[in-house]
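I wanted to get my bearings in this sheet, strand by strand. Here are my notes.

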Amino acid sequence: MDAAALELTDGTSVRLRLVVDADLDAVYDGIAGDADIERYTRIPFPYTRELAREFIERSVATRADGDEYAFAIRTFVDDALVGGIGVHRIGRPAPPDSALLPNEVGYWVRADARGRGLCTSALRVLSRWALTDLGVDRLELQCATDNARSRRVAEKVGYRFTRTVTAAEVVDDHRDHHRFVLTLADLDGATAE
């Protein structure tokens, strides 16, 4: 897939473009040293330029296989990179006792871009694309139980809470998580409200 050819947008606040090598500095700058990203995500810390480079290389390889799509969240007006969002493990079953989910959506937003509705817009755009163009019948999302902002973003888009998973139930995460699911009917219902 040609990374330059795929752009998802709501037409007013965000543009989503597949991550490319040129995004390296902005990805690194947006993540490194952010205590909230360290606290609430699976992104490894301390975050280095090498980790950012590996992420971009892996993203290019996995989208070529159709296994995942990682996008840069950019503002619609000035095209500034303000975060990242992606859908992972497309069509693959969850590993036993794992925190990793099939068709799982994850996201992060720079500290200086939070609270502006950009993540909610990006999640809505990505979710509609995945549920229609990728043919995924449901998406899954999880957030740390103490990450109220992330939970609000998911719920605004129409993601339905399914259950809480404790760190003791999984082998590959040390946090408790709320899990959510979204179908096209959920998304359309949330959009109509």
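**Sheet notes**

I started at Leu 8, whose bridge partner in β2 is Leu 16. β1 and β2 (residues 14–18) pair in the antiparallel sense over three bridges. For my own reference, strands (E, at least two residues) and helices (H or I, at least four residues) are DSSP runs numbered from the N terminus, and two strands pair if DSSP finds at least two bridges between them.

A caution before going on: this is a predicted model, where local features need pLDDT of at least 70, side-chain atom pairs count only at pLDDT 80 or more, and totals for chains, interfaces and linings use all residues. Residues are numbered from 1 along each chain as its sequence is written, and side-chain values use heavy atoms, leaving out hydrogens and water.

Then I turned to β4 (residues 81–88). Eight of its eight residues are buried, meaning under 20% relative accessible area with a 1.4 Å probe, protein chains only. β4 pairs with β3 (residues 69–75) in the antiparallel sense over six bridges, and Gly 83 in β4 is the bridge partner of Ile 73. Five residues lie between the strands of this hairpin, and Asp 79 takes a positive phi near 65° there.

I also checked β5 (residues 104–109), which runs antiparallel to β4 and is joined to β4 by six bridges. Ile 85 stands opposite Tyr 107 in β5.

Notes. Buried < 20%, exposed > 50% of the residue type's maximum accessible area, 1.4 Å probe, protein only.
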